[in-house]
Amino acid sequence: MIEIKNVSKWFDDFRVLTDINETINRGQTVVICGPSGSGKSTLLRCVNGLEPYQQGEIIVDGTSLNAPKVNLYKLREKIGMVFQRFELYPHMTALQNITLAPTKVRKWSQKRAAQKGMELLERVGIPDKADAYPANLSGGQQQRVAIARSLAMEPEYMMFDEPTSALDPEMIKEVLDVMIDLAREGMTMLCVTHEMGFAREVADEIIFMDGGRIVERGTYNEFFTNPKTQRAKEFLSQILA
Amino acid sequence: MFDAVWGNLSYLMGGLWVTAKLAFFALTGGIFLGILVGLARISKRKWIYYPITIYVNFLRNIPLILVIFWFYFVMPIIIGRSIDPFPSAVVSFIVFEATYFGEIFRAGYQTISTDLVNASYSTGMTYFKTARYITVPIAFRRMLPSLITQSIVTFQDTSLAFVIGLPEFVRRASIVDNLEVASIQLFGFVGIVFFIICFIGSRISRHYEEKGRKANIL
């Protein structure tokens with residue numbers, strides 16, 4: 001369970017997050033949407049300690065991120081993260097990208113990690129690309145390798161930061177299908193995305209952020225058919241246009 | 001032809017050895033200090049960043065020959081005794097070249113995006129493991145061609161130590177020339193030797209550039 005309690009964050013004098021409260025239970029998929037600059041990505045980065053926050057508390061499985069002596073590296077092992085621009089290691093093959101953390105962090109043997117890596121490539125549908133370098137993969141393939149890289153650490157949570165917004169339209173589906181499968185298999189997920197088809201399929205809750213605040217939350221139907229705030233209505237009419 | 005060269009070959013080659021030693025110390029020291037300068041130039045701590053930035057900007061905007069002169073003639077006044085040309089030249093080169101190497105390291109490091117590092121962290125990799133397997137290898141491959149090019153420039157620049165009387169390759173050729181009066185063959189020979197060494201270096205640099213381009217990491 002991830003508990004976010006009254007979290008606020010500033011970049012110098014500029015307040016980017018204001019009193020964020022949210023609880024993500026095991027097996028839930030939460031979708032975060034909102035206009036750019038609303039603090040969605042920053043919130044994700046706070047949850048796995050990539051960005052500090054100045055007020056409030058984030059608790060992952062009972063451990064507070066700003067407790068003294070908390071090992072952020074250890075904590076991040078159980079929270080996988082997928083980025084908008086894939087961020088694969090350019091000097092390593094797809095398989096090496098996936099096996100790096102299991103061998104260096106978990107100290108698995110090369111053989112065991114490679115076996116796991118191939119299983120995951122199979123799962124995301126590109127076992128034939130194991131020895132390809134990122135530069136020789138399409139965006140959709142790169143993103144699927146990135147998902148496999150996160151899954152290799154057998155995380156309990158997965159966070160996605162606009163995983164399809166850098167992709168050509170015909171590649172979006174191949175990435176979303178992998179994400180939908182994950183959600184259905186019971187992975188706990190926190191996704192920043194504007195893919196409303198994905199939200200309809202698997203989201204247990206949708207959070208709408210604007211100006212660093214959560215301004216609206218609800219199920220897909222509540223949010224879509226009956227947005228309460230004017231800001232959400234405008235946003236929806238834009239992304240559906 | 002080239003009899004003035006052959007007749008004094010061991011003396012001239014001794015000069016090339018001095019040049020090689022100077023280049024070796026200048027490069028090892030310059031690259032090592034350059035790494036620190038590069039790190040200081042990306043530091044968020046103002047008390048590190050500003051002094052080093054002033055140092056870099058100052059030295060990059062004056063000719064190397066002046067640095068060599070100043071150090072050789074001003075240091076004895078400050079420390080109260082004279083310095084040998086060789087250590088003096090070594091220190092001048094290290095201090096000067098470190099600013100150039102520092103900028104290469106800074107630029108190489110800055111090509112790595114924050115999110116690439118974040119991606120590594122998010123799999124549980126530590127700061128040192130990320131440096132060891134991700135940032136340093138990538139930055140190093142991207143910097144390698146510039147590092148080799150700058151090393152070639154440093155090697156050529158060592159001939160400037162001539163001005164403080166260091167008996168390196170060019171100065172020895174000039175000494176032989178005063179006795180034998182054979183400028184064209186002596187300096188021609190020096191030129192050919194410099195050319196061969198530097199040309200090989202630049203081919204190596206090209207090789208790594210091509211290799212990097214093929215692997216799409218440049």
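User: Why is A:Glu201 called partly exposed?

Analyst: Its relative accessible area is 41%. A residue is buried under 20%, exposed over 50% and partly exposed in between, with a 1.4 Å probe and protein chains only. The value of 41% falls in between, so A:Glu201 counts as partly exposed. The model is predicted: local features need pLDDT of at least 70, side-chain atom pairs count only at pLDDT 80 or more, and totals for chains, interfaces and linings use all residues. Residues are numbered from 1 along each chain as its sequence is written, chains are lettered from A and ligands numbered from 1 in the order in which they are written, and side-chain values use heavy atoms, without hydrogens and water.

User: What makes A:Glu201 and A:Arg184 a salt bridge?

Analyst: The rule asks for a side-chain nitrogen of Lys or Arg within 4 Å of a carboxyl oxygen of Asp or Glu. In A:Glu201 and A:Arg184 the closest N and O atoms are 2.5 Å apart, so the pair meets the rule. A:Glu201 belongs to helix H7 (residues 196-202) of chain A and A:Arg184 to helix H6 (residues 169-184) of chain A, so the bridge ties together parts 17 residues apart in sequence. Helices (H or I, at least four residues) and strands (E, at least two) are DSSP runs, numbered from the N terminus.

User: Is A:Arg184 buried or exposed?

Analyst: A:Arg184 is exposed, because its relative accessible area is 56%.

User: Which parts of the chain does the pair A:Glu22 and A:Arg217 link?

Analyst: The two side chains form a salt bridge with an N to O distance of 2.3 Å. A:Glu22 is in strand S2 (residues 14-24) of chain A, A:Arg217 is in strand S10 (residues 213-218) of chain A, and they are 195 residues apart. A:Glu22, at 4% relative accessibility, is buried, whereas A:Arg217, at 33%, is partly exposed.

User: Where do A:Asp61 and A:Arg26 lie?

Analyst: Their side chains meet in a salt bridge at 3.2 Å, N to O. A:Asp61 is in the loop between strand S4 (55-60) and strand S5 (63-64) of chain A, A:Arg26 is in the loop between S2 and S3 of chain A, and the pair is 35 residues apart. With relative accessible areas of 30% for A:Asp61 and 49% for A:Arg26, each counts as partly exposed. Both also belong to a network of salt bridges with A:Lys78 and A:Glu156. Over all chains the rule gives 22 salt bridges.

User: Why is A:Thr29 called buried?

Analyst: A:Thr29 has a relative accessible area of 1%, and therefore counts as buried. The residue is in strand S3 (residues 29-33) of chain A. Contact means heavy atoms within 4.5 Å.

User: What does A:Ala94 touch?

Analyst: Not counting residues up to four places away in sequence, A:Ala94 touches A:Lys129, A:Ala130, A:Ala132, A:Leu137 and A:Val145. A:Ala94 is in helix H3 (residues 94-104) of chain A and is buried, at 1% relative accessibility.

User: How do you know that chain A agrees with a compact globule?

Analyst: The radius of gyration is taken over C-alpha atoms, and the globule rule is 2.2 Å times the number of residues to the power 0.38. For 241 residues a compact globule would be near 18 Å, and chain A has 18 Å, so the two agree. The C-alpha trace of chain A spans about 55 × 45 × 30 Å along its principal axes. Of the 241 residues in chain A, 56% are buried.

User: How many salt bridges are there between chain B and chain A?

Analyst: The count is one. B:Asp115 and A:Arg45 meet through their side chains at 2.6 Å, N to O, which means that the pair falls within the 4 Å limit.

User: What is the area buried between chain B and chain A?

Analyst: The area is about 2,000 Å², with 65% from carbon and sulfur atoms. Buried area is the accessible area (1.4 Å probe) that two parts lose on being put together, summed over both. In chain B, the residues losing the most area to chain A are B:Ser122, B:Thr123 and B:Tyr133, together 26% of what that side buries. The contact takes 23 residues from chain B and 25 residues from chain A.
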